Structures are given as C-alpha cells and as structure tokens.
Amino acid sequence: MSNSEKLHGVLGEFESVDQILAAAEMVKNSGYTKWDCYTPLPVHGLDAAMGVKETRLPWVVLIAGITGGALGLLMQYWMNGIDYKMIISGKPMNSLPASIPVVFETTVLFASIAAFLSMWIFNGLPKWFNPLARMERFARATDDRFFVALSAKDPNFDVKTSSALLESCGASAVEFVEEPDEPAAVPTSIKATMATVAMLALIPLALIMSERGAIKKQPRLHLVPDMDFQEKFRAQSVSGLFADGRAARPQIAGTFALEDDALVGKDPGFYTGKVDGEYLTEAPIAYSDAILARGEERYGISCAPCHGGDANGKGPVHNRAVELGSPMWIQPTDLHSEHLTIQPIGQLFESISVGVRNMPGYAKTVSAKDRWAIAHYLQSIQSTVDTGPVDPNADPGIAAGKLVYMSKACMACHTTDGSPLLAPSFKGLFGSERELEGGTTITADEAYIKDSLLNPTAKLAKGFQPLMPPAVLTDQEFADLITFLKSLAD
Ligand code: HEC
Ligand code: HEC
C-alpha cells in the first residue's frame, strides 16, 4: 500500500453468489453509476441485478459487416463491370454469383475488425494498470471470492456512506483502494524501446523499396525461384541446337499434324465429307437413335453456345455480343435455314470440320464420328421446317435462282422479305436506286449486281459493313440469280 492521499474507491468482499446478487441490487438502487462486480465465475442474473445495459457491440458488428459486404460488391461492380471489363465464358460482367466469395470475405473482415476495435474502445482499453490489482485480497477474485468496487469518481461516492453501504449489504470485508503514487503514464524506457523497434522495423521496408527502384544488371533476387529460370528455346530466337538455327523442326514433307488428316488418305469420305470433290449425300455412319442422341449431346456442348439450344442462331455468345454492341459480330446461322436443308450431309460435315466463312472448324475438338453424329442431328432438326407452298406456274429460272441464293449462302446475310440482316434485303433490290457510302447513288441493274459479286466492297451499300465475300457464279447461275432477283422486284 502506498501513502498516496488519493482514493481510487472502496472494495467489498462477499462470499457467495447470493450475497453478491443482493449487494449488486442494493448498490444499483442507491443510484451508483461508476462501479463494477468481479466474480471468479459467470454469475447468472448479475447483469440484470447491476442494471447493465445490453452491449452495443452486435450493432456495431452488424453495421460494419453490411458496410464491408456493400463495399466488396461495389468494388467488384466497378472493377469488373466498369473499369476493366473482361468476358469470362460469356457470362455477364456484373455477375452476382461470381462476387459472392469476395463479398463474404469483406463482410467477415470488416465485421471482425470492428468487433476487435470496438471491444477495446467500449472497455476503455488499453489500460496501464488497475489499482484493484494491487490489493492482496482482490487476488481471490479469480478463485473463491466475489467483489463489488465503487469508484471514487462516482458522484454519489462518499468515504463513510459508501463503505457503510457495502457493509450493510453483508460484505465480509471492506477496504479502501488508493491510487498508487507511481505515475500512470507509460514509463519512458518502454516508450523509448517501442519507438526504437518501430524505427528498426522500417529498415527492411526501406531496403526493399530502394532495391525495387534500383536498376540492376543481374536478374533480381529470387528467394523462391520456382521455374523462373530454366533452359528453354524462346519463340523467334536463334538456337544453336540445329544447323539452321531454328529450335523447332519444320513439318516434314508428306506428313500430317493431326490424327484425322493422317487418316484422310485411307477414307477421304469419312474424314472430309467429300469423295472426288463431290459432297457425300449419305453419311458413312448410319442414322440411329443412339447416333442422334449423341449428336444432340455433342451439339449442346460444342455448338449451342453460339447457335443456341434450339439452333436459331441466338446462343448466349451471340446474345452477349449483341449486348456489348460488338460492331463486327456475325450472327451464327439459324440452323433451320432453308439453304441448309438443300446442303448434302457431306457439306454440313465439312462446315463443322473446317469451318465456314467466319465460323472456325471443330475437327480439333470434336472427333470425326461425333461430327457425323452432329450432322445427322442438324438434318433431323431441319426436317421440321416448313418451306412453304411452291407456285407451279412460276418461271423455273426463279426456282433455279433461289437455289443459287441458298446454296451459295447469300441467305446467310441477305433476306428476301425486305428486312435487312447483315446486308440489304433482296426484296425490291433489282432495278431500284441504291444509296452508296459516300453519298452517290446507282441503279441496281445486271451490271451493278455482277460488279457487287466480283468486287463486293468496291461500291459499299450505305449503312453496311464491308463483309461480303466475292462470289464466283457460272453464267447460267448468274442468269438464274437475276431472274430470281427480278421476281423479288417491286
Ligand atoms: C464461336 C461461335 C460458333 C460456334 C461454337 C459454332 N458456330 Fe456455326 N456458325 C457461327 C457463325 C458466326 C456462322 C455464320 C458464319 C458466316 O456467315 O460468316 C456459323 C455458321 C454455321 C453453319 C452454316 C453453314 C452455311 O453453309 O451457311 C453451320 C451448318 C454451322 N455453323 C454449324 C455449326 C455446328 C454444327 C457447330 C458445332 C460443332 C457450330 N456451328 C459451332 C458461329 C459458331
Ligand atoms: C457474309 C455476308 C454476305 C454474303 C454471304 C453475301 N453478301 Fe451480298 N452483301 C453483304 C453486305 C454486308 C453488303 C452491303 C455492303 C456492300 O455493298 O458490300 C452486300 C451487298 C450486296 C449487293 C449490293 C446490294 C445493294 O444494296 O447495293 C448485292 C447485289 C449482293 N450483296 C449480292 C449477294 C449475292 C448474290 C450473294 C450470294 C452469292 C451474297 N451477296 C452473299 C454481305 C453478304
């Protein structure tokens, strides 16, 4: 005990749970506000007896958690949807499911940091020491005694009445607690040590900073080198391994890189869909329910992303491209299209294998057998398309011209019903005044159409992209096409 005159408070010792509960009730009722109970075990009902309000900590944690979650979501929304858009598997940029893990993490992070810091603040921590801890008797607070401490700072505190109150509550001992006369401030030696450690801790950081900024001739320090340094041949660099200085060997004449290609010679029909330049009209794999089911399944994996589950050319990749307004996007063909119904199955197989116009081939990822299965599937969905009534009195040239329009794939971009697709519609085209890019106009006569086929981009129709591939037609085909176009003129 020090000789300090300054009083910290008064401490009452009790021997049982019942006593401390009764004492707490009485102290509360006497109007004290700055006081506390110390017990060796959790005492049920003590909070109520003391009139302790429920802690505000859960509210702080809830608000911090919600803030953290919202900030996490906002951060990802901004990064992925606004600042640095990146397509991942054609999914929307601002996908909520993808954000959930990070939102969860930021929620927990904010909530737990808030819980930790507010716990310190609410409890008035950190404290250098508590004068109670200097009382010999008080050591039993962790063992078998219960204590009530009234603070001298309480407005109701009075040396006589306060100690009398504790006695009247049945305290087995009442003691005054004095403030020790040592200073409450942190000792200078500890402050100095902490400052020194803090300064020293900056040195490694400063070293790293200066190393990072410095220009070095040697590769930088690698504590964990992983596979950063390894012997390898880099693309486009000279290697001494072979006499010609190249690291990779050129393809040997007469060899094929792909499994399918090597087999082409053995069974050209099966691997290319063509024999002697003619498309197969019968698939080398017979139609069966099992093959059809296989084709449908493979279609769903390899083709549906672009062509859509119901093959109307509007799969998720297409929808995404439209949503982004990609200017050069070509809509995947509606696989119910009429022009495909007249294609021999070998041609469908070829389109799937090596690609067609803007579509890449799938020979590398889909086996030949599966490609035939898909071709069967494509034909199976086509038969459901209604091609409409045929006028028996029409000029046979019109039908022949329509065949050209379909088989030369003009219909992939042009329509006959007046609605522009990727290109102006053929309806009302022939003989009309065409507006060209650059402001000039021209009459769509035979010469212009011939020119459009051979030099499609020379005279660009107003408002369209230069997408059209040149088309080579025989004279007969051209004549039929013109008959067909005339039949569509107004
Ligand atoms: C990456 C998107 C994409 C995928 C995947 C895709 N296609 Fe295509 N496909 C297209 C586009 C785009 C076109 C139109 C190309 C054009 O007109 O330039 C097209 C055209 C076609 C055509 C029309 C050929 C013609 O003669 O007009 C067929 C048939 C076809 N695809 C079948 C398939 C099949 C079968 C698969 C699956 C093995 C597949 N596609 C996968 C984008 C795709
Ligand atoms: C890949 C899409 C595509 C295909 C396939 C295609 N075209 Fe075109 N075509 C276009 C586009 C785009 C334009 C408009 C821009 C231009 O004038 O080049 C166009 C323009 C034309 C024009 C001029 C139209 C006008 O308004 O002045 C004619 C005629 C034409 N195409 C005929 C054909 C014929 C016949 C075929 C089939 C042999 C065909 N096209 C196939 C995309 C295509």
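These are my notebook entries on the surroundings of two ligands in a predicted model.

**Entry 1: the iron atom of ligand 2**

I looked up the protein donors first. They are H414, through NE2, and M468, through SD, lying 2.0 Å from the iron atom. I then placed the pair along the chain. H414 sits in the loop between α15 (396-407) and β9 (433-435). M468 sits in the loop between α16 (446-454) and α17 (475-487). The two are 54 residues apart, so I noted that they link distant parts of the chain.

Next I checked the geometry. For reference, ideal angles for six octahedral donors are 90 or 180 degrees.

M468 comes out at 29%, so I logged M468 as partly exposed.

**Entry 2: the shell around ligand 1**

I found 20 residues surrounding ligand 1. The closest are C303, C306, H307, N358 and M359. By class, I have 12 nonpolar, seven polar and one charged residues in this shell.

I then went through side-chain contacts to oxygen atoms of ligand 1. For H339, a side-chain N or O atom is 2.7 Å from an oxygen atom of the ligand. For Q343, a polar side-chain atom lies 2.8 Å from a ligand oxygen. For R357, the corresponding value is 3.0 Å.

Which elements give two or more residues to the shell? I listed α10 (304-307), α12 (338-341) and α14 (368-382).

How values were computed. Residues are numbered from 1 along each chain as its sequence is written. Chains are lettered from A and ligands numbered from 1 in the order in which they are written. This is a predicted model: local features need pLDDT of at least 70, side-chain atom pairs count only at pLDDT 80 or more; totals for chains, interfaces and linings use all residues. Side-chain values use heavy atoms; hydrogens and water are left out. Donors are N, O and S atoms within 2.8 Å of the metal (3.2 Å for Na, K and Ca); water is not among the atoms, so sites may look incomplete. Helices (H or I, at least four residues) and strands (E, at least two) are DSSP runs, numbered from the N terminus. Buried means under 20% relative accessible area, exposed over 50%, partly exposed in between (1.4 Å probe, protein chains only). A residue is near a molecule or strand if one of its heavy atoms lies within 4 Å of it. A polar contact is a pair of N or O atoms within 3.5 Å; within protein, one must be able to donate a hydrogen and the other to accept it, and residues adjacent in sequence count only if both atoms are side-chain atoms. Ala, Val, Leu, Ile, Met, Phe, Trp, Tyr, Cys and Pro count as nonpolar, Asp, Glu, Lys and Arg as charged, and the others, Gly among them, as polar.
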